[in-house]
Amino acid sequence: MNRHDRIDEHLAKVPLFEGLSKKQLRLISQLATELEEPAGTVLIKEGKAGHEFIIVIEGEIEVSQDGRIVAERGPGTYVGEIALLDHRPRTATVVAKTPVKLEVIGQREFAGLLAEVPELSQQLLASVARRLADLDEKAATS
């Protein structure tokens, strides 16, 4: 399996990209940059503006909020997808627990793709709307 096939496979599991065609997923995966970082590297800092989406390919990351570890994640997991659409402050700090290999998609490149391919924007908007409706429905039944 080549690098972009692997990224496409990971992207297809991200709720934001649910329902996108293989061709659309490939357009997004082509924006990815492969990075390797040593253990201890702060990948995302809580409270700072988000500018990238990260997929963990190899290694382990640790997610903390308010200084408390809330999750440990490994290959195939992702963080920061909302940063592709909105520059909200990060809700957690993410640190490489071990050496990691990552695929990173920057917000600027992603915005450029959306400008070039407007139908992709429409599909992402529909995906976000479905997720919000699901959350509303769950909240109403709780």
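Q: What makes the largest nonpolar core a core, and which residues have the most contacts inside it?
A: In this predicted model, the largest nonpolar core has 20 residues, and Leu 11, Phe 17 and Ile 28 have the most contacts inside it. To be called a core, such residues must be buried and joined through side-chain atoms within 4.5 Å. Two or more residues each come from α1 (3–12), α2 (22–29), β3 (52–58), α3 (107–116) and α4 (118–141). As a general point, nonpolar side chains in soluble globular proteins tend to be buried together.

Q: How do you know what Phe 17 is in contact with, leaving aside its neighbours within four places in sequence?
A: The test is heavy atoms within 4.5 Å. With those neighbours set aside, Phe 17 is in contact with Leu 11, Leu 25, Ile 28, Phe 53, Leu 84, Phe 110 and Leu 124.

Q: Why is Asp 66 called exposed?
A: The cut-off for exposed is over 50% relative accessible area. Asp 66 has 71%, so it counts as exposed. You'll find Asp 66 in the loop between β4 (61–65) and β5 (68–73). Asp 66 also has a positive phi of about 50°, although it isn't a glycine.

Q: How do you know whether the radius of gyration agrees with a compact globule?
A: For 142 residues, a compact globule would come out near 14 Å; the protein has 15 Å, so the value agrees. Along the principal axes, the C-alpha atoms fill a box of roughly 45 × 40 × 25 Å. As for burial, 37% of the 142 residues count as buried, the cut-off being under 20% relative accessible area.

Q: What makes up the lining of the largest pocket, by class?
A: There are nine nonpolar, three polar and five charged residues. Of the 17 lining residues, Val 79, Gly 80, Glu 81, Arg 90 and Thr 91 are the closest to the pocket's centre.

Technical notes
Residues are numbered from 1 along each chain as its sequence is written. This is a predicted model: local features need pLDDT of at least 70, side-chain atom pairs count only at pLDDT 80 or more; totals for chains, interfaces and linings use all residues. Side-chain values use heavy atoms; hydrogens and water are left out. Buried means under 20% relative accessible area, exposed over 50%, partly exposed in between (1.4 Å probe, protein chains only). Helices (H or I, at least four residues) and strands (E, at least two) are DSSP runs, numbered from the N terminus. On a 1 Å grid over the protein atoms alone, a cavity is a set of points where a 1.4 Å probe fits but cannot get out, and a pocket is an open set with protein on both sides within 12 Å along at least five of seven lines; lining residues have an atom within 4 Å of a point. Ala, Val, Leu, Ile, Met, Phe, Trp, Tyr, Cys and Pro count as nonpolar, Asp, Glu, Lys and Arg as charged, and the others, Gly among them, as polar. The radius of gyration is taken over C-alpha atoms; the globule rule is 2.2 Å times the number of residues to the power 0.38.
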